[in-house]
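Hi,

Here is the structure I promised to pass on.

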Amino acid sequence: MQINRNRIEEIKKKIAREYPEFKDIEPRITEKDIGPQDEIFQKLDMGVPKQLRHIYRLKFTKVVEAKDSVSLDRILMVTLDENLEIIKIIESR
Amino acid sequence: MLILSGKKALQKQIGDIRPLEKSINEYIKSKNEFQALLCYYDMPGKYRLKRAKKQAEAIRDYVLQIERKIGEIDFLLLLGGDEVVPFFRLPNPCDDADEWVLSDSPYASRDENYTIPERVCARIPDGRSVSFMTRQLGKEKASYAKSFGLSAHVWLRASTEVYRAVGNPEDLKTSPPITSDEFKPGWLQHKDFLYFNVHGSRNSSSWYGQRENEYPVAIQPANINEATGVVASEACYGAYIVDKTIDDAMSLTMLEQKEIIGFCGSTTIAYGPVQPPAGEADLLVKYFFEYVQQGLTLGESLRNAKLDFARKALRRHGFLDDDDQKTLLQFVLYGDPAIRGREGNKRSPNAD
């Protein structure tokens, strides 16, 4: 499934509602294939089925100024799976 | 345990290293439960290895060569900061402002898959002071049965899930309203665990809170006096020490305290969720605290936390994504890796 404008707008609305500091910021959108991470599974003695995954990333960024005038990079990333479902939303610390 | 440093670079940083060598010898003699040895990668040693240059890859190769001589090293303690035992500059998996991920993870790995550690690795930064370094080797843990936690206001729910591992969530403080002006040094005294989930910057020694678009200074080095316990910070650059002095890096200021026994933090931009379930830095620190609580050494606690973190991410999504990988690479431990935050499990670190 390809990400489309409607889905992007839905996510932007969600971010504006739940993370108002990132309202009106246009996200940078990337996509990526993630191949089977065989070596990692082996190193952890895990036998999870191998599969190719495809994820989308919407990255919202801004620079803010702290009380003492230090600049802080603020990043919010939304990760979607192949079905365009949100896997996770994380923020820079 | 292998204690590793570069003699010339160390001398350049702290001057006369004899007091440090004396402390290391006393440390080695005091450890009846495991063997430890000191090696300089730039000096001829008893294993007749070719000296290594002051480059991360070369120093890692040196460790692997020692392993081939004496068997597997479970604990590796690096003595000195970036100018003595350089951090690895790894490609940044995330699309953010960090050019590299400064990391000690390759020192903890025997193969090229650096995200998954096989041995404990910790570092005692030099702080450009011999007394700072010797102090780290003689620390002992007192028990207070109390913890302190400080979270940016916006991350209270996420922080609560982490802090629950070591303290009463109702005691967790938030910034705002807490700012460095009102911060009481006594809050950090007589504690077993100090937890921080706040903002940080490479260009500032302060850590910051947040509520909506308000970013107050939550804590700064001047707020630290006689702090105690094990510190874990999720702040971006919380463990960034390149070209920093004791007074302008929170991590070093913390370690300067007589009863701070270890500092776990991130060298670069770190990530976490706004709300549970815990992920990224939140999850790693939560696991770290849980292992320390169980009585494992600080070094084992971070290594195990990374293993559990990777397993959890793989079970959740089937893969380690960019920020999972960055989290695994960027978190480092400063201090004696063989010290315990709590009495309990007494399994010993092995020299071989």
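Below is what turned up, starting with how to read the model.

This is a predicted model, in which local features need pLDDT of at least 70, side-chain atom pairs count only at pLDDT 80 or more, and totals for chains, interfaces and linings use all residues. Residues are numbered from 1 along each chain as its sequence is written, while chains are lettered from A and ligands numbered from 1 in the order in which they are written.

Let's start where the chains meet. The contact (C-beta atoms, placed from the backbone, within 7 Å) takes 33 residues from chain A and 40 residues from chain B. On the side of chain A that touches chain B, the largest share, six residues, comes from strand 4 of chain A. Helices (H or I, at least four residues) and strands (E, at least two) are DSSP runs, numbered from the N terminus. By class, that side of chain A has 17 nonpolar, five polar and 11 charged residues; Ala, Val, Leu, Ile, Met, Phe, Trp, Tyr, Cys and Pro count as nonpolar, Asp, Glu, Lys and Arg as charged, and the others, Gly among them, as polar.

Strand 4 of chain A also pairs with strand 15 (residues 271-272) of chain B, antiparallel and over two bridges (pairing needs at least two DSSP bridges). There, A:Glu91 has B:Gly272 as its bridge partner.

Within chain A, strand 1 and strand 2 (residues 53-65) run antiparallel, joined by seven bridges. A:Thr30 sits opposite A:Arg57 in strand 2 of chain A.

Most residues other than glycine have a negative phi, and most peptide bonds are trans. Yet the bond from B:Ser175 to B:Pro176 is cis, with omega near -15 degrees, and another cis bond joins B:Pro276 and B:Pro277, with omega about 5 degrees. B:Pro277 lies in the loop between strand 15 and helix 7 of chain B.

Which loop holds B:Pro176? B:Pro176 is in the one between strand 8 (173-175) and strand 9 (193-197) of chain B. B:His190 is found in the loop between strand 8 and strand 9 of chain B, and has a positive phi of about 55 degrees although it is not a glycine. B:His190 is partly exposed, with 17 other C-beta atoms within 10 Å (20 or more means buried, 12 or fewer exposed, and in between partly exposed, with C-beta atoms placed from the backbone).

Happy browsing!

Technical notes. Two residues are in contact if their C-beta atoms, placed from the backbone, lie within 7 Å.
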